[in-house]
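The entries follow the order in which I consulted the model.

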Amino acid sequence: MRPAPRLPIIAYHSIDEFGTSISVSPGDFRRQMHWFAQRGWRTLALSEAARLVLAGAGIPARSFVLTFDDGLPSLLTCAAPILAEHGFTATTFVVTRLVGRPPDWYRMPGPYRSTPLLDRAGLERLASMGWELHPHTHDHPVLPHLPLAVQADQIGRSRSLVQEWFGQSGTVLAYPFGQLNEDTTRAMKQCGMEAGLTLTFGTVLRADDPYNWPRVGSAWFKHSDLRQRLAVTGWLEKYIALRGLVKKGRERHFTTPTAETTRGLA
Ligand SMILES: [Zn+2]
């Protein structure tokens, strides 16, 4: 089979009926996984995918990676059973200080802030079902707001605990809020991390900077099979890039009032 040039790493948070910006309902999630299974797609473990991409080895066709940030309780109650039905596995990123405690950085309304994240036993149950556990920092800070040494501490401490608690390599980090700066990349290298995942939309190409890998946010295809196909095959990002080019071309010809200039006039 010809190696696929692009690897979709899909970013989910929670599988639930709360209808928030980070929710995908169990019904939609089951339909999305069924879509992959019907077409012969297979999940790759995140560490294996990183190894293949970094070695320039090429990725088996119709491979994808499933990721869930934060370790919310619905992973065990909703996501894992649906994945098991299809023989799929996934990764969750663990905020090590808040294991078994409520996610204190959540600002959105709804039940998340008062509900504890999965504790060590819950995360171990996911691992026993084939899930990988990788770090998501110790406190879930906005990394670019912190000096290099503190960023390295956040990343290194989180990775060490993932290794110690679960015996997993923990070599891929999802940046909290998807954010990084140049110091983050330095800190990642200092901590021996292999790759870092953002929330920028896109699929991973072999040549991409491993500390700045994009992901396909599940919000892009919540209710549409067509959008799911376009997102995971790379067509949606080609379309977005093309629209960006068209917009740039237009801006060269027309001066549109920006928010700043309009405010200046008011
Ligand atoms: Zn997060």
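Entry 1, a loop residue. I worked from a predicted model. I first located Asp70, which lies in the loop between strand 6 (63–69) and helix 3. I then read its backbone angle: phi of Asp70 is positive, about 85°, although the residue is not a glycine. Most residues other than glycine have a negative phi, so I noted the value. Is Asp70 buried or exposed? I counted 23 other C-beta atoms within 10 Å of Asp70, and because the cut-off for burial is 20 or more, Asp70 is buried.

I looked up Thr137, a residue other than glycine, and found its phi near 75°. Thr137 sits in the loop between strand 8 (132–135) and helix 5 (148–166). With 25 other C-beta atoms within 10 Å, Thr137 is buried.

I examined how helix 1 (residues 26–38) packs on helix 3 (residues 74–86): the axes are 10 Å apart and the angle is about 25°. Angles under 35 degrees count as roughly parallel, and therefore helix 1 is roughly parallel to helix 3. I recorded the crossing of these two helices as right-handed. Helix 1 makes the contact through Pro26, Phe29, Arg30, Met33 and Ala37, and helix 3 through Cys78, Ala79, Ile82, Leu83 and His86. Sorted by class, the contact has eight nonpolar residues, one polar and one charged.

I next took helix 4 (residues 120–128), whose axis comes within 10 Å of that of helix 3 and crosses it at roughly 15°. That angle makes helix 3 roughly parallel to helix 4. I noted that this crossing is left-handed. On helix 3 the contact residues are Leu75, Leu76 and Ala80; on helix 4 they are Gly122, Arg125 and Leu126. By class I listed four nonpolar, one polar and one charged.

Which residues of the largest nonpolar core touch the most other members? Among its 58 residues, I found these to be Ile9, Ile10, Ala49, Val65 and Ala79. Helix 3 gives the most to this core, with five residues.

Methods
Residues are numbered from 1 along each chain as its sequence is written. This is a predicted model: local features need pLDDT of at least 70, side-chain atom pairs count only at pLDDT 80 or more; totals for chains, interfaces and linings use all residues. Axes are lines fitted to C-alpha atoms, for helices over the stretch in contact, and angles run from 0 to 180 degrees between N-to-C directions. Helices (H or I, at least four residues) and strands (E, at least two) are DSSP runs, numbered from the N terminus. Angles under 35 degrees count as roughly parallel, over 145 as roughly antiparallel, 65 to 115 as roughly perpendicular and the rest as oblique. A crossing is left-handed if the near helix is turned anticlockwise from the far one by less than a right angle, and right-handed if clockwise. Two residues are in contact if their C-beta atoms, placed from the backbone, lie within 7 Å. Ala, Val, Leu, Ile, Met, Phe, Trp, Tyr, Cys and Pro count as nonpolar, Asp, Glu, Lys and Arg as charged, and the others, Gly among them, as polar. A nonpolar core is a set of buried Ala, Val, Leu, Ile, Met, Phe, Trp, Tyr and Cys residues joined through C-beta atoms within 7 Å. A residue is buried if 20 or more other C-beta atoms lie within 10 Å of its own, exposed if 12 or fewer, and partly exposed in between; C-beta atoms are placed from the backbone.
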